[in-house]
Amino acid sequence: MAKQTAADVMTPAPATIDQTETLEAAGRLMAEHDVGVLVVRAGPTAVGVVTDRDLVVRGLAAGLDADATVQQVTTDKVITVGVGDPVETVVEVMRAGAVRRAPVLDGNVLAGIVSIGDLAVERDPDSALADISRAQPNR
């Protein structure tokens, strides 16, 4: 049996935003795609991630307005994994980096994103986190 890789558990083609876009644009994109995280790009290169929490805590609560740039609130400690990395490696990389999500690269190209929820669904399907991750979103 072949080992599972990041490609097997990732969400493909994650929503992205350029670092020069506004917080308002990021919020709208998150709403449009029904996600809580965007991969932040500088041109074609993934340079970080921004979460809904970043928009609120690092943005609004810090006094930034909706016209501030995504770069101002981006988590720039980008921890990435490769599409062919074994899931065990993905878990260790995310644990070592203390991150909840990791962009998945195919060479230098963004291929997907993997979250702790994705890993829980795949590796610990009976866990509370897996149940929450599989549930339909609250609307």
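This short tour visits a helix and then a pocket. Keep in mind that what you're looking at is a predicted model.

**Stop 1: helix H2.** Select residues 23-33, which make up H2. Now highlight Leu23, Ala26, Leu29 and Met30: these four are buried, meaning under 20% relative accessible area. Which way do they point? They span an arc of only 125° around the axis, so they sit on the same side of H2. There's a handy rule behind this: an α-helix has 3.6 residues a turn, so residues three or four places apart point the same way.

Next, colour Arg28, Ala31 and Glu32. You're now on the other side of H2, where these three are exposed.

**Stop 2: the cover.** What covers the buried residues of H2? Show strand E2 (16-18), strand E3 (37-42), E4 and H3, which are included in that cover.

Stop 3: Strand E4 (45-51), helix H3 (52-59) and strand E6 (101-106) each give two or more residues to the lining. Which element gives the largest share? Colour H3 to see it: 5 residues of the lining come from there.

Finally, colour the lining by residue type: you'll get 7 nonpolar, 2 polar and 7 charged.

Methods: Residues are numbered from 1 along each chain as its sequence is written. This is a predicted model: local features need pLDDT of at least 70, side-chain atom pairs count only at pLDDT 80 or more; totals for chains, interfaces and linings use all residues. Side-chain values use heavy atoms; hydrogens and water are left out. Ala, Val, Leu, Ile, Met, Phe, Trp, Tyr, Cys and Pro count as nonpolar, Asp, Glu, Lys and Arg as charged, and the others, Gly among them, as polar. Buried means under 20% relative accessible area, exposed over 50%, partly exposed in between (1.4 Å probe, protein chains only). The arc is that of the directions from the helix axis to the C-beta atoms. Contact means heavy atoms within 4.5 Å.
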